[in-house]
Amino acid sequence: MSIGTKAVCHMAFITRDIQKFTGSWAKFLGIEQPAIWAIPSKDIAPTATFGKPENYKDCLISVLEFDNIKLEVVQPGEEPNPWKLYLEKYGEGFQHISFVVPDADEAEATLKELGVDSGYHIGCYPGSTYSFYDTKDVLGMEINIKYDGDNKKQRDELLKQYEERK
């Protein structure tokens, strides 16, 4: 078994100061500083961490595009979120490497063979689902498994959890 790909989608770096981080990289690379925006709301991208629905309205994100890979940069907000958990536990640094897989179930089965628990964080964008797996002990960093395809059922389940919390 394997995850079905060796192509990296992106790597993610967690920082306390996204403006300073992306500004320094832009100067180093001789490019314009990339845009910084808030992570989309639950209406666009519902999420849950450890089974609890969360809203990341105060998290910021940016993307540095290199010729061969994207570097996703995240500044966690004050609300509970997986990036804040990482920052509090490990400090600034590379949090995860992301792969778009052809079969999410097979990728998860491969991770379970390595002794990795189910994903602790899930998010759904229209037509795409991603999950974070704590593989730090096994692979040295977390893994983000992305799957493009119909995720209406998962999105609806996450949105239902938000409604039940009201």
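Colleague: Which residue takes a positive phi just after helix 2?

Modeller: Gly-91, with a phi of about 85°. Before we go on: this is a predicted model, so local features need pLDDT of at least 70 and side-chain atom pairs count only at pLDDT 80 or more, while totals for chains, interfaces and linings use all residues. Residues are numbered from 1 along each chain as its sequence is written, and side-chain values use heavy atoms, with hydrogens and water left out.

Colleague: How are helices and strands assigned?

Modeller: They are DSSP runs numbered from the N terminus: H or I over at least four residues for helices, E over at least two for strands.

Colleague: Which residues of helix 2 are buried?

Modeller: In helix 2, residues 82-90, they are Pro-82, Trp-83, Lys-84, Tyr-86 and Leu-87. Buried means under 20% relative accessible area, exposed is over 50%, and partly exposed is in between (1.4 Å probe, protein chains only).

Colleague: And what sits at the start of helix 2?

Modeller: Asn-81 has a side-chain oxygen that reaches to within 3.1 Å of the backbone nitrogen of Trp-83.

Colleague: Back to Lys-84: which side chain does Lys-84 meet in a salt bridge?

Modeller: That of Glu-88, at 4.0 Å, N to O. The rule is a side-chain nitrogen of Lys or Arg within 4 Å of a carboxyl oxygen of Asp or Glu. Lys-84 and Glu-88 are about one helical turn apart, because four residues separate them in helix 2. Glu-88 is exposed, since its relative accessible area is 57%.

Colleague: How many salt bridges does the rule give?

Modeller: Three. Another one joins Glu-108 and Lys-112, whose closest N and O atoms are 3.4 Å apart. They too are four residues apart, in helix 3, so about one helical turn separates them. Glu-108 is partly exposed at 23% relative accessible area, and Lys-112 is partly exposed at 47%. Then there is Asp-43 with Lys-42, at 3.5 Å, N to O. Asp-43 counts as exposed because its relative accessibility is 56%.

Colleague: Let's stay with helix 3. Which residues of helix 3 are buried?

Modeller: Ala-107, Thr-110 and Leu-111, within residues 104-113. They are on the same side of helix 3 because they cover an arc of only 100° around the axis, taking the directions from the helix axis to the C-beta atoms.

Colleague: What do the buried residues of helix 3 pack against?

Modeller: Strand 9 (128-133) and strand 10 (142-148), with contact meaning heavy atoms within 4.5 Å. The face turned away from that buried side carries the exposed residues Asp-105 and Glu-113.

Colleague: Which residue caps the N-terminal end of helix 3?

Modeller: Asp-103, with a side-chain oxygen 3.0 Å from the backbone nitrogen of Asp-105. After helix 3 comes Gly-115, with a positive phi near 90°.

Colleague: New topic. Where is Ile-31?

Modeller: In the loop between helix 1 (18-29) and strand 2 (36-38). Ile-31 counts as partly exposed because its relative accessibility is 42%.

Technical notes:
Polar contact = N/O pair within 3.5 Å; in protein donor to acceptor, adjacent residues only side chain to side chain.
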